[in-house]
Amino acid sequence: MRFVFADDSFAFDGYSPSSQPLGGPEKALACLASPLAQRGHEVTVFNRTTYGLQIEGARWEPMDAEKPADTDVLVAFRTPALLDLVAGARKRVLWCTGDLAPLSGADNEAALVRHRPTLLFFSEAHRQRWANPLGLETRVFAPGLASNYLGDDAMRAYDPPRAVTTAHPQGGLGWLLTLWIDRIRPAVPTAELHVYSALLNRGILGSEVPATVRPLVELVQAARDRGIVVMRPQGDSGMADSYRSARAFLYPGMPNEIFGFTLAESQAAGLPAVIRPAAPVLFERVADGQTAHIATNDAQFARGAVQLLSDREAFDRMSAACRAARSGRSWQIAAAEFEELAH
């Protein structure tokens, strides 16, 4: 079967997830192509890559490369206009990411009416956000997990104990930093909070950042002695190593969560979490009291973090539960499920 994927966002390819940070949706596209090709399909991805290259059976081509006249399945990533990319596609799929704005507007709605694609969402909560006024077929496709997170590498849990967060500056990071400074660090005076944030890292290095991020940069700089370490996000290899070197994954959460990508990855690696139940989809990623503490107020969140950072027995118990509960949903398994979209 022939699959054509199309994405006009930015340059990445099937090698990117292992070596550089990607958003959850972009990582899903990057990680699906090769396992799908390895199942015997012809897979071509057209995106902003500079040069054409073959990666484990899948072909990656620049957007201006010659397009095929037809294909079995055309998968447009995020943008309805990309549904026009291959005139003779037997089936068309629009893979929706977090922002559903591209489904609105006269031109986008016209593309949906013209092609009546199947719409693909990352979770049921994600699908429920769209009213589906055209009555199109919709499907939920949960992403897989990279092998980096599914291996049986031992947790290292260094001393001093580390907590990790990937919270976005506009997604509760300011709240978490304040809670760390006021409640968590005083209770565990040697603990470190490793913050993986490209924006915050740029600000600390002196680069321009949005005005909304500047107060967080100043907060971190004023609290240099509170164990806060700001780091650049890494690819899957580096992030998996970071998770296995920590005691707690601190996750403020956002109401518009569509899956909880880093929460799923850190849980699979064996790192217990402390989360705020900001969105219903997060309950699918954790088991309260077993693989994570679900905190409904500041005191509960701080207490859960302190326990994981200071009580090795509690950490070991919850870490083992994380590994036992992980689905083992590799991208090879996910690719087999994706085949069903062609029928």
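**Figure 1. The surface and overall build of the protein chain.** The protein chain exposes about 14400 Å², and carbon and sulfur atoms supply 49% of that area (accessible areas come from the Shrake-Rupley method with a 1.4 Å probe). This is a predicted model, in which local features need pLDDT of at least 70 and side-chain atom pairs count only at pLDDT 80 or more, while totals for chains, interfaces and linings use all residues. Residues are numbered from 1 along each chain as its sequence is written, and side-chain values use heavy atoms, with hydrogens and water left out. Of the 343 residues, 56% count as buried (under 20% relative accessible area, 1.4 Å probe, protein chains only). You can find 13 helices and 14 strands in the protein chain (DSSP runs numbered from the N terminus: helices are H or I with at least four residues, strands are E with at least two). The radius of gyration is 21 Å, close to the 20 Å that the globule rule gives for 343 residues, so the chain is as compact as a globular protein of that length (the radius is taken over C-alpha atoms; the rule is 2.2 Å times the number of residues to the power 0.38).

**Figure 2. A look into the largest nonpolar core.** In soluble globular proteins, nonpolar side chains tend to be buried together. Here the largest nonpolar core has 96 residues, and F5, W95 and F338 are among those with the most contacts inside it (a core is a set of buried Ala, Val, Leu, Ile, Met, Phe, Trp, Tyr and Cys residues joined through side-chain atoms within 4.5 Å). Helix 2 (residues 24-37) gives the most to this core, with eight residues. Leaving aside neighbours within four places in sequence, F5 is in contact with residues including L29, L32, V45, W95 and F338 (contact means heavy atoms within 4.5 Å).

Figure 3. Follow the order 11-10-9-12-13-14, with parallel pairing (two strands pair if DSSP finds at least two bridges between them). Strand 11 (228-231) and strand 14 (292-294) stand at the edges with a single partner strand each, so one side of each is left without a neighbour in the sheet.

Figure 4. Strand 9 (residues 162-165) and strand 10 (residues 192-196) pair in the parallel sense over four bridges. T165 stands opposite V195 in strand 10. Helix 10 (residues 261-269) lies across strand 12 (248-251), strand 13 (273-275) and strand 14, running at about 165° to strand 12 (axes are lines fitted to C-alpha atoms, for helices over the stretch in contact, and angles run from 0 to 180 degrees between N-to-C directions).

Terms used
Buried < 20%, exposed > 50% of the residue type's maximum accessible area, 1.4 Å probe, protein only.
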